[in-house]
Amino acid sequence: MRLLVIEDDPLLRHSLSEGLREEMYAVDTAEDGVEGLAKAQGSDYDAIVLDGMLPGFDGWELLLRLRREKTTPVLMLTARDAVPDRIRGLDAGADDYLTKPFDFEELLARLRALIRRSSGAGSNLLELDGIAVDTAAKLVMKEGEIVSLTPREYGLVEYLALHRGSVVSRTELYEHLFDENEDTLSNLLDVHVSNVRKKLGSSFISTRRGHGYSIE
Amino acid sequence: MSHLFQSVRWRLLLWYALILLGLITGLCLLAYRLADNDRLSQIDREIRNFQGTFFRSLFASRPLSKKDTPPSLDEIRDRLRDPGEVSAFPPELHALFEGGSGGNYLAFWDGDGTPLFISANAPAGLKPPVPSKDGDTRYISRDNYREHHKTNSSGISSIIGREISAEQSDLLRFGVLLALGGGAVWLAGLGGGWWLTGRALKPIDTIGRTASRIAAGNLDERIEIADTDNELDRLGHVLNDTFDRLATAIERQKRFTADASHELRTPVTIILSETQRALKREREPEQYREILQNCRTAAERMRALVESLLVLARQDLPGPEVSHVSCDLAEIANGVADLLQPLADEHSTKIERQLSPAPVSGDPHSLAMVVQNLLSNALIHPPAGGIVQLKTMANGSGSILEVSDNSPGIDPEHLPHLFNRFYRADSARNQANGHSGLGLAITKTIVEGHGGKIEVQSGRGSGTTFKVELPGQ
């Protein structure tokens, strides 16, 4: 899962992105409205965390512009908790709203809910034949036993599980598993896929040659 | 009951009733007195006429021998003792001889008190008049009678009187009518007064109700004022102006509180987020150190903000401890420049001091804060390697402090808001430097608290100059 954090305060930006990375998200950051909009338009993020007060143009303006071309789920963070501000944010296209200071766990839960909703899943527990993916606890279980996966492997399983039944291209997988700072070789993806197959069974991920991967 | 008399309307009405009662009573008494006097003088005139008629008749029936001279006293005595036949007198005088009650009566006495003539209709027990100091002739009201008492120098004394009970009852009736009429006028006046006071007090009532609605929190409401210029409308204008100013002050206070809490939210969010992240899993000491460092930075920002807020609150409401003393702005500026030298070195910026004595009267601590805010602003903002000029000088009426830098300048759109609380021309950078957005607002508040003024000049490429003018000692 790849997220974009748009926040002007350097400390808060750092804290949020580090916290989210530790939760196995790939995180990009932007420090003002202009950079944020460019990044949000440039890639398909799974969700965007957007601060309301930004230099350049503010979060509401950014949302209006972004919504002309993308429906990426957006969680707005703002220091303003007046009802008109919240209405303005939601009407501009925000999917959820959090008022500073917020609880980090709540931010995580709301992000999970946003991603779940946009992928059409109903709950945090995704059941596949004999294998369960718990997106809240970030755990994968095979026949009731917890399987130890690296963050990247977990990300791969979670993304494919959320897009169950459809073929996910290598580019798409690559975009959603690695953040902007990682300049890895694309064959690293094959390494992760083969590791997952070793741990969860070779038929768990099927390869569509020339198209990508899928979980049935 | 007591609250009834505290009501302005009732008190006005009470006073009005008392004054009106006094006036009407006075007027009625005057009218009664005039009517009384009028009647008495009419009666007196009748009595005199009657005396004349009597004497003419007395001598008309049997004329005296000498026609051209007035009768002598003895002749008068004789005639009175023996008036003659009743039939010789006109009919209106017959009652004098035939008795009965009512009408005019006469009585004459000689000097020794022996009666000369007492008419038959005179009231019983009539006595000769007693000579009084007031003179020989006077009118007296006695019971139902009005009498003319007269004592001649020759000794003959007379009483000519008349029964006046009819006139007296007339007068009584007139008095009662007057009292009733006066009472009616008083009651009508009270009604009018009640209506008038109600009408006069109605705008006050409206003002009071509007004011209480405003006090209850409806700050946008104002007193409706008619387009006249009477006392109440002027009061309304004064109150509306006051409400305007109060509403502005409350609005400013509200915005300030909102801004302050807004500014506090971000560092609190950082501390919350960092501590929750830290506690979520076991970490290397290096990571803990970094997280603690971040928390500390956020806490320092909060401290700076809280301190700035306190300074502002103190400047807004100066306590008695703020004392103004004579000091030299140049000395203060020099001290601050020394203090900020490390910051200048950090930005490789040179501070150029042009400090000539500039005596002012003020609080040295606050003035140092002014210099510090302006100088640190100038040191932080321009690109590193610049020159910041710090000047003080005395001019005719006071002293001047100038801080100029050779920064790229401030956008003209920001200039009008520069001294607003929490205004930042560039939010991300300033906050990272630990600036609360209150520095210039504090500076302005302090300068204005000293009776001075501050202005800024900035143009693209020509640098920025802050100029503070303070009144002299």
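Me: In chain B, what share of the contacts with a separation of 6 or more comes from residues 24 or more positions apart?
Reply: Heads-up, this is a predicted model: local features need pLDDT of at least 70 and side-chain atom pairs pLDDT 80 or more, while totals for chains, interfaces and linings use all residues. Residues are numbered from 1 along each chain as its sequence is written, and chains are lettered from A and ligands numbered from 1 in the order written. Two residues are in contact if their C-beta atoms, placed from the backbone, lie within 7 Å. For residues 24 or more positions apart, the share is 64%.

Me: And how much of chain B counts as buried?
Reply: Buried means 20 or more other C-beta atoms within 10 Å of a residue's own, again placed from the backbone (12 or fewer is exposed, in between is partly exposed). Chain B has 473 residues. The buried part is 22%.

Me: Why is strand β1 of chain B largely enclosed by the rest of the structure?
Reply: Strands here are DSSP runs of E, at least two residues, and helices are runs of H or I, at least four, numbered from the N terminus. In a regular strand, side chains alternate between the two faces of the sheet. Both faces of β1(B) are covered, with B:N104, B:L106 and B:F108 on one side and B:Y105, B:A107 and B:W109 on the other. The strand is largely enclosed because its buried residues number six of the six.

Me: Which residue of β5(B) is the bridge partner of B:F108?
Reply: Strands pair if DSSP finds at least two bridges between them. β1(B) and β5(B) run antiparallel and are joined by six bridges. In β5(B), the partner of B:F108 is B:S158.

Me: Over in chain A, what is the strand order of the open sheet?
Reply: There are five strands, with parallel pairing. The edge strands, each pairing on one side only, are β2 (26-30) and β5 (96-99) of chain A. The order is β2-β1-β3-β4-β5.

Me: What angle does helix α3(A) make with β3(A)?
Reply: Helix α3 (59-66) packs on that sheet, touching β3 (47-51) and β4 (74-78) of chain A. Axes are lines fitted to C-alpha atoms, for helices over the stretch in contact, and angles run from 0 to 180 degrees between N-to-C directions. The angle is about 145°.

Me: Which element gives the largest share of the side of chain A that touches chain B?
Reply: The contact takes 22 residues from chain A and 19 from chain B. Elements giving two or more residues on chain A's side are α1 (10-22) and α5 (104-119). The largest share, eight residues, comes from α1(A).
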